Amino acid sequence: MSSTEQYLIQERPYYRPTADEVELFEAAYAARMPVMLKGPTGCGKTRFVEYMAWKLKRPLITVACNEDMTASDLVGRFLLDASGTRWQDGPLTLAARIGAICYLDEVVEARQDTTVVIHPLTDHRRTLPLDKKGELVHAHPDFQLVISYNPGYQNLLKDLKQSTKQRFGALDFGYPETAVEVDVVSHETGIDPKIAEKLVQIAHRARNLKGHGLDEGISTRLLVYAGHLIAKGIEPRAACMMTLVRPLTDDPDMRDTLDAAVATFF
């Protein structure tokens, strides 16, 4: 299997468009415009990128960014093995070489001095300097860079520089409308749509508490987790406690509030 083929998504990911994001992304890809996806955790940003990579028939290389990630983790480094020293491309370099979509998930988690390395790839140059190797990589014509982050966690220390933000077109993501979210949860888990609707209603109540004791509302991802447990025979209320309440908060009063919301529907 070639390096390109192993990153192709073979089966169509299930994704329900909520607006015109598919058409906008297709146009951005046609122009090879870097794209930034902004939205809360678990709302479908990663699934959207997977769906678009499948639709566009392009390989997808995903990087989960973290605060310990260095520039070398992205672009590559020299490694020492039995044969001596050899260069190992990082995921960003590999994507640029083979013409993949490179998706930097939660890029704001990476150090700012690390994210600077993407700048030459996001303007007319479309190049990636490998300073340690003394090579200038010219991005494949099909290469595109996509990043995501959660604006809800912005602060002075963890935000993208304007010099980075203004290199991207941006798409806003939120939680789907009720009917769409019910369909997603039911489809992903196989549970009855009526049960899925109850889960979504619980999520709506929790999302109204964001900023009033909760840092983040219940995500669509957590609703799918709850649906999976219910599909496995777990009693709905217990499934909700495990997936919708306990992960969100340790505050006793907030837990009581969320438990009450669960009890209303189950």
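**Note on the predicted model**

1. Residues 181-264 are 70% helix and 0% strand. The end C-alpha atoms of this span lie 20 Å apart. The coordinates are a predicted model. In UniProt, an unreviewed entry gives residues 181-264 as "domain: CbbQ/NirQ/NorQ C-terminal". That annotation may be inferred rather than shown by experiment.

2. Helix H10 covers residues 236-245. Which of its residues are buried? They are Ala239, Cys240, Met241, Thr243, Leu244 and Val245.

3. What do the buried residues of H10 pack against? Their partners are three helices: H8 (193-207), H9 (220-231) and H11 (252-265).

4. Now the chain as a whole. The protein chain has 11 helices and nine strands. Its C-alpha trace spans about 65 × 40 × 35 Å along the principal axes.

5. The protein chain has 266 residues, and 45% of them count as buried. Buried here means under 20% relative accessible area. Take the contacts in the protein chain with a separation of 6 or more: 70% of them join residues 24 or more positions apart.

6. The accessible surface of the protein chain comes to about 13300 Å². Carbon and sulfur atoms account for 51% of that surface.

7. On charge, the protein chain carries 31 positive and 36 negative side chains. How far apart are the centres of the two sets? They lie 3 Å apart.

Definitions and conventions. Residues are numbered from 1 along each chain as its sequence is written. This is a predicted model: local features need pLDDT of at least 70, side-chain atom pairs count only at pLDDT 80 or more; totals for chains, interfaces and linings use all residues. Side-chain values use heavy atoms; hydrogens and water are left out. Buried means under 20% relative accessible area, exposed over 50%, partly exposed in between (1.4 Å probe, protein chains only). Helices (H or I, at least four residues) and strands (E, at least two) are DSSP runs, numbered from the N terminus. Contact means heavy atoms within 4.5 Å. Accessible areas come from the Shrake-Rupley method with a 1.4 Å probe; for residues, only the protein chains shown count as cover. Lys and Arg count as positive and Asp and Glu as negative; His and the chain ends are not counted. The place of a charge is taken as NZ of Lys, CZ of Arg, CG of Asp or CD of Glu.
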